Amino acid sequence: MPGERKPMRYGHSEGHTDVCFDDAGKYIVTCGSDGDVRIWESLDDDDPKSINVGEKVYSLALKNGKLVTAASNNTVQIHTFPEGDPDGILTRFTTNATHITYNRSGSRVAAGSSDFMVKVVEMYDSSQQKTLRGHTAPILSVTFDPKDEFLASASCDGSVAVWKIEEQTQVTSWPLLQKSNDVINAKSLCRLAWQPKAAKLLAIPVETTVQLYQRDSWAQVGTLSDDLGTQAINVVAWSPCGKFLAAGSIGGLLTVWDVESKLCVERQTHEKGYTVCGLAWHPLGGQIAYTDTEGCLGVLDGLSSSSSSSSTTASSTTTKQAPASYNDLFDDDDDRPMDEGISEGTCSPAKNPGDEDDDDDLIPATGRARNRSAFLDDENSLDTGSLKQGLDKFVDDDDSAIVPPAAAAAPLWPVYDGPMPTPPQKAFQPGSTPAHLMHRFMMWNSVGIVRGYNDDQDNAIDVEFHDTAVHHAMHLTNSLGHTVADLSQEAVLLACPGTDELASKLQCLHFSSWDTNKEWMVDLPKGEDVQALCLGQGWAAAATSALILRLFSIGGVQRELFSLPGPVVCIAGHGEQLLVVYHRGTGFDGEQALGVQLLQFGQKRRQVIHGEPLPLSRKSHLSWLGFTAEGTPCFIDSEGVVRLLNRSLGNMWTPVCNTRDNCKGKSDHYWMVGVHENPQQLRCIPCKGSRYPPTLPRPAVAVLPFKLPLCQTTTEKGQMEEQYWRSVLLHNHYGFLSSSGYEIDEEGQSQAQKEQQELLMKMFALSCKLEREFRSVELAELMTQNVVTLAIRYASRSRRMALAQRLSDLALEKANQLQGEEPQEEEEEEPLQYTRRNTGYSQSSSEMGADRQHSSHRQAQEEVVDEEQGQEEHMDEGDVAESKRQGLNPFAKGTAASPEKPSPKPVSKEGRVNPFKVSSGLGRSGSAGGQNRVTNVLDSMMLSSKKPTALLSSSGSTGKLNKTPFLKPLAPRPKTKTQSTLLHMNTPKAANKKAVEEPAVCRLKQTEAPPPASPAENVENKKHKSGFQLWLEDNRRIILADNPDLEETDVIKEAIGRFRTLSADDRLTWTERAKGQSGDVADMKKRKRGEEENRGDKNGQSEADETRQSEADETSAKKKKPFDTSAKLSAFAFNKN
């Protein structure tokens, strides 16, 4: 069966195609992803007739002048042939039909769909339908039994089933195929074929072989294979006589077998190695038409069924009668291997001497000649790779002398058997649907929607904005043929590919411009096409086929350009960030080798990610790339896994969601349109049975939650761990935005940090209940300093003294770490700004909100207040400085993170003192050598609780307690004891605090309550006023007029709320006024004129201070009595007020 492979013709756009002949064999009919059906009179037809039946055609069948097509609009349509006039809709599915076929007489049509159903419809009355249900995945192919009794179907669920049509029942099923979730992801199309005429055999392509099953018994009776077939077989087709079977593979190999003898009688390779997805025999059997996934049509001509059959029979006869005659047939080929020697062999008596030049076409990619028939001697009389089980069912009794070969002949050249390279993913625009669709989304993002229409009536682009306040909708004529687009709050960016006459163009409609001329256009150099583009804040970028990324200003000024390391896949922009994904190499075994770069524009231009590999799921490709609404890079692969950039973990990518977990069906997908971190939402469009949504009707947007793929998320521990780390990850953007100079959602940040600390406490309590004390300490390391105090309380009340002691040590470490960090921080004039936040990765000074602290410390508030008052008088100069470091700004915004640049604090000559140290009665001994520093649990607990209590009693603000107060540095007073303070408060607030403290003083005076602080404390508090205090003085009357019943604490709360609503400029103005109008003369002299002018003020108070200091020291020394840790803990835990 010698065949001539003719040069292939371009027929359709890239994508799936199908082919068939008409009844007489006069026409070749093809369909493709461009939605057209083309009718070819021959392969040389330069003007085939074209019929448009939809956006995409998946399959077609032709018989009795009726052309049936499966289009992308979920219908099976009928057209007249060859006129091509529409003749109605045969049936509908809920998703697109994947394969259709006629029965032998043409009275019925069977159609399989992605909704898992197979329908058998009568042509004369389409209402007469039979539905076959049982598959659990999209249908790959269907085929009728020639006797019209059975129907076979293959599905993505991995099974091949046989149905009894009239009874609509499944007769048998074989699990032969690899499972997949959609036809597009299936390893093979598995086009089944039933033997015509005799109807005895059903051919099923399985991997690289074709398995034959017998009708009625449904037993496997044979296997056809080819020793050169290394990739899966996609389609099979029987010759009209039923004696030969043709197969097309993914690697482009075309093979024809003689089914009776299982000999490979024809082998051809695709000229470019593309996948063969359509195959059809000519009704007379001398020709095979085939199509590939690139839209091309080819013909294998010169096939003679009769000559091949007779030659096979003659060869079999010669095997027994005249073995010696082979020496005459293979005179020159005796010394060559079997596959080489038979390329011009005996089964081709019809071959002409003039066909010698066709031998080049018969050599496959591996360099080995094709095996038409394999007769070398009477012992090796069959193709070495094609003899399989069940041979006796296909040969006559006369052929019983044929025996299988002892061993396969070794190839002449080594054959590569390693991983195969993966075709590189083509460039695409995130948020767009494929360009070959007539109606498509060119862009769908958080700003709006860009739709493209390209049909017979119109070629236009519609731009619609989600918020009409940004701009009204626009209708643009697409005369240039733009194919890619992007949309931002400032402009619409469009690009079209170049042609032989015209260059590729980049067009921008800058609708936010104050100028009247809002449009500009740029022509790219010849031969350079725009492949991807994006818009940022004040800039536009375009990646081209020349591996160049070009930057433009939003007004059209050309800016920087630089080369890309590989072909671009897609780019995305947000604010001053540009994200680029490109091919960094060739992937293997279905993997894509992608690299990613993240560029930061603005004042400090830098490259954040330097071309690291982009982590994708196994055997997947990139399907969406972009930024969250808060500016964090993220992407989604074809397996539905969403990954987010974790800035706090060295710019690593963390999976935060798998959209496939939310899909109801295996063929369903989610099409991404946006990601939000606060609230935690994935905004996407559900696509039932497809990967892309239709333009009409307008699809509805669904919201999916985030879920980190942690282990054992069904348990309480796993759920809390997932919630905590998800909160940590999705709130990293606060630090990035504040460091970039953006305003952030203070309330959202405060709430997030509060939730994180609450989750840590819940996990801590759970670990204590499970008696996992080591795990409890690990959780405490993630806590802030104040929450560790709560953990110490919980442990002590639970009688876990060893755990409480370790937590106390941990609290001391945190305090020391905090002391080491603060002297390095610069002074910040604005007290309401913030930079760092504690997310659990570091142990900074961030703390929980005052609401949580208030509820946790309510029982011990009075004791703590008294102790605070006592400690103020017992601190040496180092204690004063340290207390200022540990103190809190009562006017700080509660929703802020750690202060952006806390004020530097004065440090005494003796060094800093730990806030958990018990004060001694001696002048400077506490800070000199640290000999009085003890690790008593109760001492640490009481001292560390001063901060939240002080905050509650002074401001009551609902925020984090890690703010360093905005204080002017005070002149060092080595011997001053009574002029130190933890908080700068105005006089009414201090008086209110004293009123609250008096009952506590009476109760706790027996333990360690020194005399109350000197009135000089309030004098010093008055010396320096912040911008908020000045604003409060001016607006106090207004607040009291609006709310006459408010107490002082509530007035301050209301004032804080109103002060927050001011703009940043207004708050800065009040701060500048506070600097200029400060009443602290000594402080201003120290800051502006030096230390010398400040000494007089210090010396004036030294004698009185020394007297009070010595008295206080003696009182403290007398009252201090040592006792064991357990006694203190027991007294604290169980002697409640």
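Tutor: Start with β42 and β43. Strand β43 covers residues 577-583, and six bridges join it to β42 in the antiparallel sense. Keep in mind throughout that this is a predicted model. Find Cys-570 and look across: Val-581 of β43 stands opposite.

Now widen the view to the sheet. β42, β43, β44 and β45 follow one another in that order, the sheet is open, and the pairing is antiparallel. The edges are β42 (568-574) and β45 (606-613). Each edge strand has a single partner, so one of its sides has no neighbour in the sheet. From one strand to the next, the twist averages 10°. What holds strands side by side? Strands of a sheet pair through backbone hydrogen bonds, and the pairing can be parallel or antiparallel.

Next, go back along the chain to another open sheet. Its order is β11-β12-β13-β14, with four strands and antiparallel pairing. Here β11 (97-102) and β14 (129-132) take the edges, and each has a single partner strand, so one side of each lacks a neighbour in the sheet. The twist in this sheet averages 20° from strand to strand.

Follow the strands one at a time. β11 meets β12, residues 108-113, in an antiparallel pairing of five bridges. Ala-97 has Ser-113 of β12 as its bridge partner. Tyr-102 stands opposite Val-109, again in β12. The two strands make a hairpin, with five residues between them. Look in that turn for Gly-106, whose phi is positive, about 85°.

Stay on β12 and check its cover. Six of its six residues are buried. Which residues point which way? Arg-108, Ala-110 and Gly-112 point one way, while Val-109, Ala-111 and Ser-113 point the other. Residues on both sides of β12 are buried.

From β12, move on to β13, residues 118-122. Five bridges link these strands, and they run antiparallel. Arg-108 has Glu-122 of β13 standing opposite. This is a hairpin too, with four residues between β12 and β13. In its turn, Phe-116 has a positive phi of about 80°.

β30 and β31 form it, with three residues between them. β31 spans residues 448-454 and pairs with β30 over five bridges, antiparallel. His-439 has Tyr-453 of β31 as its bridge partner. β30, residues 439-444, is mostly covered, with five of its six residues buried.

Now turn to the helices. Helix α4 runs over residues 716-730. Its 15 residues reach 21 Å from the first C-alpha to the last, close to the 21 Å expected at 1.5 Å a residue. Buried residues of α4 include Met-720, Tyr-724, Val-728, Leu-729 and Leu-730. Gly-718, Glu-722, Arg-726 and Ser-727 are buried as well. What do the buried residues of α4 pack against? They meet strands β48 (641-646) and β49 (652-658), along with helices α5 (733-739), α6 (746-769) and α7 (773-782).

Helix α18 (residues 1027-1042) crosses helix α20 (residues 1064-1076) at roughly 100°, and their axes come within 7 Å. α18 is therefore roughly perpendicular to α20. On the α18 side, the contact uses Gly-1027, Leu-1030, Trp-1031 and Asp-1034. On the α20 side, it uses Trp-1070, Thr-1071, Arg-1073 and Ala-1074. By class, that contact has four nonpolar, two polar and two charged residues.

Finally, step back to the chain. It holds 23 helices and 52 strands. Of its 1137 residues, 57% are buried. Take the contacts between residues at least 6 apart in sequence: 57% of them join residues at least 24 apart.

Terms used. Residues are numbered from 1 along each chain as its sequence is written. This is a predicted model: local features need pLDDT of at least 70, side-chain atom pairs count only at pLDDT 80 or more; totals for chains, interfaces and linings use all residues. Side-chain values use heavy atoms; hydrogens and water are left out. Two strands pair if DSSP finds at least two bridges between them. Axes are lines fitted to C-alpha atoms, for helices over the stretch in contact, and angles run from 0 to 180 degrees between N-to-C directions. Angles under 35 degrees count as roughly parallel, over 145 as roughly antiparallel, 65 to 115 as roughly perpendicular and the rest as oblique. Contact means heavy atoms within 4.5 Å. Ala, Val, Leu, Ile, Met, Phe, Trp, Tyr, Cys and Pro count as nonpolar, Asp, Glu, Lys and Arg as charged, and the others, Gly among them, as polar. The expected span of a helix is 1.5 Å times one less than its number of residues. Buried means under 20% relative accessible area, exposed over 50%, partly exposed in between (1.4 Å probe, protein chains only).
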